[in-house]
Amino acid sequence: MKHIIKKFLSKNLRAKLIIVILFTSIIPLLLLGFFTYKYISGLLQEEISANELERITAVNNQFTYFLKDIEQMSLFFYKNDQTQRILKEDTNRNLKEKYADYETINEVFDTITGIKDWDINIYIIGLNGDRYFSNNYLPADYTNIRENWGVFRKAKEANGMMVWDTKYTTDEYDNQDVVLTAGRLLVDSDNDQDLGYIMIDIYESAFTSIYEDNNSLESKQYFLLDNQGYVISSQPDKSNIGTILESDYISRVMIGENGFFKFTRDKEPYVLTYHTSDKTNFKLISTTPLDVIQSKNNLIRNLTWNFALLGIILSGWLAYYLSKTITMPLYKLMSLMGEVEKGNLDVRFSSKYNDDIGIFGKRFNRMLKRLKTLIQESYEKQVRLKDSELKALRAQINPHFLYNTLETVNWLARLKGVHDISRIVVSLSEIMKYSVKKGDDFVTIEQDIKQLENYLTIQEFRYRDKFDVHLHVDKSIQNGLIPSLLLQPIVENAIIHGLENKLTKGNIEISITSFQEYIKIFVIDDGVGMDNHTLEVVNQKMEEALSLDELGIGIENVRKRLFLCYGDEYEWKLSSIVNEGTKILIIIPYKEG
């Protein structure tokens, strides 16, 4: 063993790679193919057996329905007034009366047998000596009533309930096999006195038609057993009908309800599937040669081994290819690339040789150096750009508002007097102080609400009873951080573009609530709304909207600032209907102040 290992280690790298890759790929592929085939083959056998169980369950249910119909038919005779009257007649009545009774029973027979196309014969055997039958002759077994024998004894003991008797006889007239007899004692409904018996012989062909209707043969052997193990019917081999089924598996079947298992008969493997009717306790058994099931595995076997062969060929090609191209320096270079993926740009590749890998390594080092420089320059540029844009945007909002405010002060100075002007000046002072603060890109919701209230104080004097403001703020998030001057431009936009041109009094609703790990802000007005063109412009993607000039200072700057502060982590939705109003929804991440 050591000699083999030493000889292997003495080979060149290409040979070692080919041997190792082939050895580590072919064996697992062969094992995987073998166990996959075994596993799928087992699953297929389970599936076929389960399907067979469903099929024989359906067939057995057909038998049950058929026998239930037979029982219902016998119950008709049991309760039939004409039948009871005739069986209570004197046995010595004249022939004319007997013939009339015969015609009456025959009409009942015709009524019953005309409804169903059954291979059965019905016999009414009266204790008064009357005998009636639906076919052309009366079997010798029913000529005399033997109450201590066979089906007569079972019917007598059942006291009016239906009983079943398994037997195998040949109808001499029709040359058909009788395999099952249903018997019931007929009792006088007035005094419970025994009147006779109804016997129904069922031909084996009645069961055969059910097998054929369900297409259930397919090289299988079927047995229908009663609760004692006697064979009522079988397909296609009928040699066991009327006998107890002798087999090694019969005891297992008789104690079970339903299922399937493998067994061996005449050194040949079979799969047995059985089902027990919960109505009649009759068991339907199917035995299928395992070869029939295995033949369906050939496709899976061929596919499995073809894939395994394809894998072996691919492994051989891969081993040859990798042995030619992969070297230790390349692995080292790949390792360094992994460090770069983690963010480490300080790694360097060193090589003793100036071959292809060495040249590639030098270029790799130059790329890392250049990449680090570009990232640093880009980062600093972005920081400066964002800082300048935020400052410019904040400055852009205030002159516009200051103009409107000064106009309001001028108007009040001319018309009102001193007191109102004092309140406006105070509010304006607070607004100016809030706007020129440095280093406060983010403020608490409570602070921005205070700024909004100062703004609304001024606007109340300007517009008087033009609109009402309804403000709701969730107290649990008052310390959450939002961009400064976020609310006031949106409300200003609602007043100027939504309510200023409205003929009647308007309303503005402002709601700030928590939503999972986010802050949800609603600003809703019932003003004049926007037309479709304006709405389409406002709702453009932020990357496109950064260059728009037609939105006005308020909305445009709010969206720009949200984009700069949160990137793709914020959500903006604006909807509007002309003459009905505008609704703005903003969702931003929650940050504690």
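A residue is called buried when its relative accessible area is under 20%, exposed when that area is over 50%, and partly exposed in between, with a 1.4 Å probe and protein chains only. The views below come from a predicted model, in which local features need pLDDT of at least 70, side-chain atom pairs count only at pLDDT 80 or more, and totals for chains, interfaces and linings use all residues. Residues are numbered from 1 along each chain as its sequence is written, and side-chain values use heavy atoms, with hydrogens and water left out.

Figure 1. At 71% relative accessibility, Gln516 counts as exposed. Helices (H or I, at least four residues) and strands (E, at least two) are DSSP runs, numbered from the N terminus. With a relative accessibility of 41%, Asn281 is partly exposed.

**Figure 2. The cis peptide bond between Gln235 and Pro236.** Omega of this bond is about -5°. Pro236 is placed in the loop between strand E7 (231–235) and helix H7 (250–255).

Figure 3. Leu574 is buried, its relative accessible area being 7%. Leaving aside neighbours within four places in sequence, Leu574 is in contact (heavy atoms within 4.5 Å) with Met530, Leu535, Val538, Asn539, Thr582, Lys583 and Ile584. Val523 is 51 residues from Leu574 along the chain, and the C-alpha atoms of the two are separated by 9.7 Å.

**Figure 4. The largest nonpolar core, with Ile202 and Phe207.** A nonpolar core is a set of buried Ala, Val, Leu, Ile, Met, Phe, Trp, Tyr and Cys residues joined through side-chain atoms within 4.5 Å. The largest core has 52 residues, and Ile202 and Phe207 have the most contacts inside it. Helix H2 (residues 13–79) supplies the largest share of this core, nine residues. Beyond its neighbours within four places in sequence, Ile202 touches several residues, including Phe66, Leu67, Ile70, Trp164 and Phe207. Another core, of 43 residues, lies apart from this one; among its members are Ile495, Ile510, Val558 and Leu562. In soluble globular proteins, nonpolar side chains tend to be buried together.

**Figure 5. The packing of helix H13 with helix H14.** The axes of H13 (residues 445–463) and H14 (residues 487–499) come within 9 Å and cross at roughly 25°. Axes are lines fitted to C-alpha atoms, for helices over the stretch in contact, and angles run from 0 to 180 degrees between N-to-C directions. H13 is therefore roughly parallel to H14, a term for angles under 35 degrees. Residues of H13 at this contact include Ile449, Leu452, Tyr455 and Leu456, while those of H14 include Leu487, Val491 and Ile495. The contact residues divide into nine nonpolar, three polar and two charged. Here Ala, Val, Leu, Ile, Met, Phe, Trp, Tyr, Cys and Pro count as nonpolar, Asp, Glu, Lys and Arg as charged, and the others, Gly among them, as polar.

Definitions and conventions. Parallel < 35°, antiparallel > 145°, perpendicular 65-115°, else oblique.
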